[in-house]
Amino acid sequence: MDSCVLPTRHKGLSLVQTTDFFYPLVNDPYIQGKIACANVLSDLYAMGVTECDNMLMLLGVSSQMTLKEREVVTPLVIEGFNDLALEAGTTVNGGQTVINPWFITGGVASSVVSDNEFIMPESAVAGDVLVLTKPLGTQIAVNAHQWLEDADPKFWDKIKDVVTPEKVEKSYQNAVESMSRLNRNAARMMHKYDAHGATDVTGFGILGHANNLAKNQKGEVSFKIHTLPILANMVKIFEACGINFKLLDGFSAETSGGLLVCLPHDKAQSYCDELEALDGKPSWIIGEVVQGNRQAKLETDIKIIEV
């Protein structure tokens, strides 16, 4: 599961809690703080929990930075983290800051909930469909943007014939917007449209997380993924760059990705439509739940949607 669910000593109340941290992937410290906050909260949202009672921030400040760099960067990361926490209706009340060889950002998110405030990721049934609420390809978008700015043109030279600097910049901005957007509305809609479980798509890639979700089901079901929504031009870059990001195999890492939600077939499109009305961004029906042995796989004739 994406979060632990622990019964408290108070009858009918459980503690839902998660922690996560990672290395910086964008060059704007304020945005990095927002992405880190969204990434932590996403584990609660994957459980259908929409209200976070408290957050802690975990910050490792790089010992390789100068004192001046620390004084400039650190407050901006904290500000971004705090601002998105406020947008999520919660606050940061504590945490830990240390000097570390590498810069690390992350945190802890906690919520005390009644039984009807969370959805265990275990009740998918044959006939359900799989909905994804954010596009894939963020890892490649971030790397391509770094190659564009890198003094060593080694990787840019490999992709410059398939993509322009303007398109790389646009895809990067779309990735940043996606990574810093909360999955809170997606979690709210899980309750309204009777979701049978969900996970968020992060470091294991879409297929890795789909496999983990499939293994957790009570019923003997499997997931078949037939569509991959991917940020524009990322497939071209992947095919030209010479690095096996495993994008089309379903294992390309994402950061603060969307929710992968199991929904009844007759409610999935309404879920997508209402979520788009709330967030201003599309979601996609990308697969189906069938009878099986609790595994997930990509269809051989996978459909790619450029976003």
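This is a predicted model: local features need pLDDT of at least 70, side-chain atom pairs count only at pLDDT 80 or more; totals for chains, interfaces and linings use all residues.
Colleague: Which residues of helix 7 are the buried ones?

Modeller: They are Gly-205, Ile-206, Leu-207, Gly-208, His-209, Ala-210, Asn-211, Leu-213 and Ala-214.

Colleague: What covers the buried residues of helix 7?

Modeller: Look for strands. The cover includes strand 6 (129-132), strand 7 (197-200) and strand 8 (221-230). It also includes strand 9 (259-263), strand 10 (284-291) and strand 11 (296-306).

Colleague: Now the nonpolar core. Which residues have the most contacts inside the largest one?

Modeller: A core is built from buried nonpolar residues joined through their side chains. Here the largest has 75 residues. Leu-41, Met-55, Ile-206, Phe-223, Ile-225 and Ile-237 have the most contacts inside it. Helix 1 (residues 29-45) gives the largest share, 9 residues.

Colleague: What does Met-55 touch?

Modeller: Skip residues up to four places away in sequence. Met-55 then touches, among others, Cys-37, Val-40, Leu-41, Phe-81 and Val-108. Another core, of 17 residues, lies apart from the largest one. Ile-119, Ala-186, Met-190 and Cys-272 are among its members.

Colleague: On to the rings. How many aromatic pairs are there?

Modeller: The count comes to 3. To read a pair, take the distance between ring centres, then the angle between planes. The ring centres of Trp-147 and Phe-245 are 6.5 Å apart. Their planes stand at 40 degrees, so this pair is tilted.

Colleague: Which parts does the pair of Trp-147 and Phe-245 tie together?

Modeller: Trp-147 lies in helix 3 (residues 138-149). Phe-245 lies in the loop between helix 8 (234-241) and strand 9. The pair therefore ties together parts that are 98 residues apart in sequence.

Colleague: Are Trp-147 and Phe-245 buried or exposed?

Modeller: The cut-off for buried is under 20% relative accessible area. Trp-147 has 6%, so it is buried. Phe-245 has 9%, so it counts as buried. Ring pairs also link Trp-147, Phe-155 and Phe-245 into a cluster.

Colleague: What form does the pair of Tyr-193 and Tyr-271 take?

Modeller: That pair is edge-to-face, with 80 degrees between the planes and 6.2 Å centre to centre. Tyr-193 sits in the loop between helix 6 (184-192) and strand 7, and Tyr-271 in helix 9 (residues 265-279), so the pair ties together parts 78 residues apart in sequence. Both Tyr-193 and Tyr-271 are buried.

Definitions and conventions. Residues are numbered from 1 along each chain as its sequence is written. Side-chain values use heavy atoms; hydrogens and water are left out. A nonpolar core is a set of buried Ala, Val, Leu, Ile, Met, Phe, Trp, Tyr and Cys residues joined through side-chain atoms within 4.5 Å. Buried means under 20% relative accessible area, exposed over 50%, partly exposed in between (1.4 Å probe, protein chains only). Helices (H or I, at least four residues) and strands (E, at least two) are DSSP runs, numbered from the N terminus. Contact means heavy atoms within 4.5 Å. Rings of Phe, Tyr and Trp (its six-membered ring) pair if their centres lie within 6.5 Å; planes under 30 degrees apart count as stacked, over 60 as edge-to-face and the rest as tilted.
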